[in-house]
Amino acid sequence: MTSQSQGIHQLLQAEKRAKDKLEEAKKRKAKRIKQAKDEAMVEIDQYRMQKDKEFRMKQSKVMGSQGSTSEEMEEQTREAIRGLRGSYSRCAEGVLTQVLSMVCDVQPELHANYRAAD
């Protein structure tokens, strides 16, 4: 009977050691999972910062080119306005003279479709 109780006692101790090892393995696994999550978060943050930096660089390039494009358009508009003002100042007197002569120097004549009444 003693040998039987010693065998049972050895089995219980072996079972206890197995449970302890299992608990220890679960703790290591949980610790490793937490460590992996932390490492992944660091990598994600680095990737996010890198992509954000690239985005800001592209955005500044696009905004810079849009700024220069708008400046070019404004300069072209100013050139067109200067050209129109120059044309106005060259032609204004001649046009006014022509309009005044058309209004003031009226030559009365009969219309081509006019029929004399009988």
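This is a predicted model: local features need pLDDT of at least 70, side-chain atom pairs count only at pLDDT 80 or more; totals for chains, interfaces and linings use all residues.
Q: What spans does the C-alpha trace of the protein chain show along its principal axes?
A: The secondary structure of the protein chain consists of one helix and zero strands, where helices (H or I, at least four residues) and strands (E, at least two) are DSSP runs numbered from the N terminus. Helix H1 covers residues 2-104. Along the principal axes, the C-alpha trace spans about 160 × 45 × 15 Å.

Q: How far apart are the C-alpha atoms of Ala30 and Ser70?
A: Ala30 is found in helix H1. Ala30 and Ser70 are 40 residues apart along the chain. Their C-alpha atoms are separated by 58 Å.

Q: What percentage of the 118 residues of the protein chain count as buried?
A: Buried means under 20% relative accessible area, exposed over 50%, and partly exposed in between (1.4 Å probe, protein chains only). Ala30, for instance, has a relative accessible area of 45% and is therefore partly exposed. Of the 118 residues, the buried share is 1%.

Q: What accessible area do Val95, Val99, Met102 and Val103 have together?
A: Patches are made of residues with over 30% relative accessible area and no salt bridge, like charges being joined within 9 Å and nonpolar side chains (Val, Leu, Ile, Met, Phe, Trp, Tyr) within 5 Å. Val95 lies in helix H1 and is partly exposed at 44% relative accessibility. By the Shrake-Rupley method with a 1.4 Å probe, in which only the protein chains shown count as cover for residues, the nonpolar surface patch formed by Val95, Val99, Met102 and Val103 has about 390 Å².

Q: How many disulfides does a search of the whole structure find?
A: A disulfide is a pair of cysteine sulfur atoms within 2.5 Å. Cys91 is partly exposed, with a relative accessible area of 41%, whereas Cys104 is exposed at 57%. The search of the whole structure finds zero.

Q: What is the N to O distance in the salt bridge of Glu24 and Arg28?
A: A salt bridge is a side-chain nitrogen of Lys or Arg within 4 Å of a carboxyl oxygen of Asp or Glu, and the count by this rule comes to ten. Glu24 and Arg28 both lie in helix H1, four residues apart, about one turn of the helix. Glu24 is partly exposed at 47%. The N to O distance between the two side chains is 3.0 Å.

Q: Which residues are linked with Glu75 in a network of salt bridges?
A: Glu75 pairs with Arg78, the closest N and O atoms being 2.7 Å apart, and these residues lie three apart in helix H1, about one turn of the helix. Arg82 also forms a salt bridge with Glu75, at 3.2 Å between the closest N and O atoms. Glu75 is partly exposed at 36%, as are Arg78 at 39% and Arg82 at 46%. The residues linked with Glu75 in the network are Glu74, Arg78, Glu79 and Arg82.

Definitions and conventions. Residues are numbered from 1 along each chain as its sequence is written. Side-chain values use heavy atoms; hydrogens and water are left out.
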